[in-house]
Amino acid sequence: LLFAFEEIASFWQRSLGWQIFFSCMCATFALNMFQSAEYAVDNGHFGLFAKSGVIFQVSETGIANHALALLPAVLIGLECGLASVWFCRISQWMAGIRKRYVSPRGKLAVMLEPVVLGAAFVALMVFLPVMWECKPVPHLDVSGKGRNETFTNLELYICDPSGDEGAADTYNEMASLALNTGEDTVKQLLNRNANQVFGYFSMVVFLGVYFVGAACANGMAISSGLFVPMLVIGSLIGRITGLVILDVFMGREGQFAPDSPWAWVNPGVFALIGAGAFMGGVTRLTIALVVIIMEMSSEVHFVLPIMTAIMTAKWLADNLEHHSIYEKALVNRKIPFLSGEGMAHSMKLLETVTVSRVMRPNVQVVRVQERISGLRQLLKRTSHNGFPVVSQPEAGGPAVYVGFITRDHLQVVLRSAFYKLSSFDSSLKAMGEGGGLQAPKLV
């Protein structure tokens, strides 16, 4: 509902609001019923909504926020705002290439484009992890429950699968980023328990490849979205920044305890902030995006840094690139789109513009009773879109304003008058000079 209100709708009414809300409610109910049916196959109890709606549960115990967290939030917002501008520009550049070279070659070329680019991207993701050596799986016991089970999605790739209790003792950094699903990659990046799982080199390389791939894939003739890619890119930017900040405080292997007042200095926390900031820069959403981040992560402790980062990214992106990625898509498809800012955006504040700057001193008016020839001359010598209508002055007194008529309306009136006069002339010619006909009244 908030996404439709903030990004899509060019006008808003109360009836539209409750209709969208009702549609969202029906969709949520249908989704829960399908999930309940899937759950009932193994466990019974159809109708039980047992599955949590939290997609990326970042932490079982919340970390206290700190006022100093606003400083790295601003830094992450600037980074994500700049990255989002380049993301939109690369997407726009690819859209131009696609329009110039792919679309004119027919449907077969449009179909082969995602096949070729997808095969190249998959091949790169499969062979790129060869450059990374196997690393031991981090065994951190931050909760007092023994071995940390957060890292069950780490990829072996070509590493040795043997280990205690059937679990692998080694993993490949790049493979854990590249060969997982987007959702699992985001969960790994939002992890707060072990900071040494991914190093700088692996995250920077994966960020560059994934960034270009996601930007090029946007707009292809294939069913894909931008939501998860934006989360992945933003999480990478935030986690890299968080690692730098943590290294300044404690070093590469250090980590603050969960009950420490400095526990917020955590790459997983900054990854969540970066995810929201990059989405804010690409989509230019604010209120809806904060609600989306809160709902998908169930993390309310850091709502202020998330809001700060989103606003910073949006501010920078608005100043460097006026349109969001969705507005650029409308422009590429030549769909009529009226910007919501209008004159207030170009003149900053409409209230500061005086009447003398937009109006002419010698006003062209139309009297209540006018001759057709006078109206024709008025439309020929002026280009105004409308004219004030005034009443006849009495005994030399001032004219009184009674209304306003547009240029289009005047043209319709003149066409109607000419039609009536031509019909009257034809009738006179057909019946002779007499006949008792009276000229039509033109009002």
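Predicted model: local features only at pLDDT ≥ 70, side-chain atom pairs only at ≥ 80, totals over all residues.
## Overall make-up

The protein has 443 residues, of which 36% are buried, and its secondary structure amounts to 16 helices and 5 strands.

## Packing of α3 against α8

Two packed helices are described by the angle between their axes and the distance between the axes. For helix α3, which covers residues 70-102, and helix α8, which covers residues 227-249, the angle is about 140° and the axes are 10 Å apart. The crossing of α3 and α8 is right-handed.

On the α3 side, the residues that take part in the contact are Pro-72, Leu-75, Ile-76, Glu-79, Cys-80, Ala-83 and Phe-87, and they meet Ile-233, Ile-237, Gly-238, Thr-241 and Ile-245 on the α8 side. Sorted by class, the residues of this contact comprise 9 nonpolar, 2 polar and 1 charged.

## Arg-407 in helix α16

Arg-407 belongs to helix α16, which runs over residues 407-431. The residue is buried and yet has no salt bridge, and the nearest side chain of opposite charge, that of Asp-408, is 6.4 Å away.

When residues up to four places away in sequence are left out, Arg-407 touches Leu-379, Thr-382, Ser-383, His-384, Asn-385, Gly-386 and Phe-387.

Arg-192 is found in the loop that joins α6 (182-189) to α7 (200-217). Its relative accessible area is 5%, and Arg-192 is therefore buried, since the term applies under 20% relative accessible area. Arg-192 and Ala-271 are separated by 79 residues in sequence, while the distance from C-alpha to C-alpha is 9.5 Å.

Arg-284 is located in the loop between α9 (267-283) and α10 (287-297). Although Arg-284 is not a glycine, its phi is positive, at about 65°. With a relative accessibility of 8%, Arg-284 also falls under the 20% limit and so counts as buried.

Terms used:
Residues numbered from 1 in each chain as written. Heavy atoms only, no water. Axes fitted to C-alpha atoms, helices over the stretch in contact; angles between N-to-C directions. Helix = DSSP H or I, 4+ residues; strand = E, 2+ residues; numbered from the N terminus. Left-handed = near helix turned anticlockwise from the far one by under 90°. Contact = heavy atoms within 4.5 Å. Nonpolar A, V, L, I, M, F, W, Y, C, P; charged D, E, K, R; others polar. Buried < 20%, exposed > 50% of the residue type's maximum accessible area, 1.4 Å probe, protein only. Lys, Arg positive; Asp, Glu negative; His and termini not counted. Salt bridge = Lys/Arg side-chain N within 4 Å of Asp/Glu carboxyl O.
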